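Please consider the sequence and the model together.

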Amino acid sequence: MKPALKPFIIPIFIPHSGCPHQCIFCNQRAITGTSGAIPSANEIHSIVHEFLAYKRKSRSRTEVSFFGGNFLGLTPGQIHRLLNQLVSFVESKKIDGIRFSTRPDTIDEDRLNLIRPYPVSTIELGVQSMDDRVLKLSLRGHFVKDTVQAVSLLQQEKKYQIGLQMMTGLPGDNDAVCLDTARQIIALKPDFVRIYPTLVIADSPLANLYQKGKYRPQSMDECVAQLKKLYLLFQENQIDVIRMGLQASDDLDDSSTVLAGPYHPAMGHMVFSKIFLDAAAKKIREKTSPNDAVTLTVHPRNLSRMQGLNKKNIVALKQLFDIQKLNLTTDASLGSSDVVVN
Ligand code: SF4
């Protein structure tokens, strides 16, 4: 599997700032555990210094990221103020660039002119779906054509890494529609994607629908199976998936925040474990010799993925193929997606 780009990211939350309204699934204040005010200059400086103090030397690239709101939906004055706080960090080479997430319908010539003088390196768009019906049911307030146009405008700038965020399990979505979203995203040629399962977050409009029985969240198994298909599709098309599932936090671990839906702090690991489980099962099925003793070999980086959480994959394979003894070994010369079965 192609290694994902992983800069050291210093997050600055701007929950719901710049949002034209509340999307159906969203309650950033609950997710980020922050109050909602745009951080002051002092707050920004202290967050950056705090994170820089525990950055490991091995992490080459450092970016400060404005998350949790609609960055280019802020007023021009607010955008200038936030970006200006970070210019000196870039000039002194303490950070390498700035990134932010924003809605597709906020990318236009005026806003691109506004940010052009600043050292912005990465822009992430909250695409969520490439199906107008799903976007409408999710109260996004933009259309697929806005995303297509936004990506085209950003690509014309030739200076930004472009990340597209999509969601699974949105109202009106299903496996076929979700895979079609992924195919349309691939056609846009982003530099990377993030995939977020829809969760029912307290005090979001979706929580209301869920409580009335009008929304059924994905089960964990459905979600992992769908994420696996999406991941493999992006991988096949050489697009990095830099995250699957929301970043774990105390707020998300609190059941009064996530009312329902497929939340797990190690969602990405679960998806990779499923990929390795299926790859090993396929190889064992193809094996001609008896299955009394089987040895699986993977790259050392994939040992825990092959095992699965609580060695679930090992137990499953033993049961499925009636294996008495299943050994797991590593070999650093193997490729990152290889599973060798002996
Ligand atoms: S999903 Fe994005 S645009 Fe919608 S309310 Fe949340 S932060 Fe704002």
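Which residue in S4 does Ile98 stand opposite? Ile98 stands opposite Val120 in S4. Before the surroundings of that pair are described, two conventions apply. The model is predicted, so that local features need pLDDT of at least 70 and side-chain atom pairs count only at pLDDT 80 or more, while totals for chains, interfaces and linings use all residues. Residues are numbered from 1 along each chain as its sequence is written.

Strand S3 (residues 97-102) and strand S4 pair in the parallel sense over 5 bridges; two strands are said to pair if DSSP finds at least two bridges between them. The names of elements follow DSSP runs numbered from the N terminus, with helices (H or I) of at least four residues and strands (E) of at least two. S4 and strand S5 (residues 161-168) also pair in the parallel sense, over 6 bridges, and here Glu124 stands opposite Gly163 in S5. Of the 9 residues of S4 (residues 120-128), 8 are buried, so the strand is largely enclosed by the rest of the structure. A residue is buried if 20 or more other C-beta atoms, placed from the backbone, lie within 10 Å of its own, exposed if 12 or fewer do, and partly exposed in between.

These strands belong to an open sheet of 7 strands in the order S1-S2-S3-S4-S5-S6-S8, with parallel pairing. S1 and strand S8 (240-244) stand at the edges with a single partner strand each, so one side of each has no neighbour in the sheet. From one strand to the next the twist averages 25°; angles run from 0 to 180 degrees between N-to-C directions, and axes are lines fitted to C-alpha atoms, for helices over the stretch in contact. Helix H2 (residues 41-53) packs on the sheet, touching S1 and strand S2 (62-67), and its direction makes about 155° with that of S1. Helix H7 (residues 175-187) also packs on the sheet, where it touches S4, S5 and strand S6 (192-197), with its direction at about 175° to that of S5. Residues count as in contact if their C-beta atoms, placed from the backbone, lie within 7 Å.

A further open sheet has 3 strands in the order S11-S10-S12, with mixed pairing. Strand S11 (325-330) and strand S12 (340-341) are its edges; each has a single partner strand, so one side of each is left without a neighbour in the sheet. Strand S10 (residues 293-298) pairs with S12 in the antiparallel sense over 2 bridges, and Leu296 stands opposite Val341 in S12.

Among the helices, the axes of H9 (residues 220-236) and H11 (residues 267-286) come within 9 Å and cross at roughly 75°. Val224, Leu227, Lys228 and Tyr231 of H9 make the contact with Met270, Val271, Lys274 and Ile275 of H11.

His16 is found in the loop between S1 (8-13) and helix H1 (28-32), and its phi is near 65°, a positive value in a residue other than glycine. Most residues other than glycine have a negative phi. His16 is partly exposed, with 19 other C-beta atoms within 10 Å.

How values were computed: Contact = placed C-beta atoms within 7 Å.
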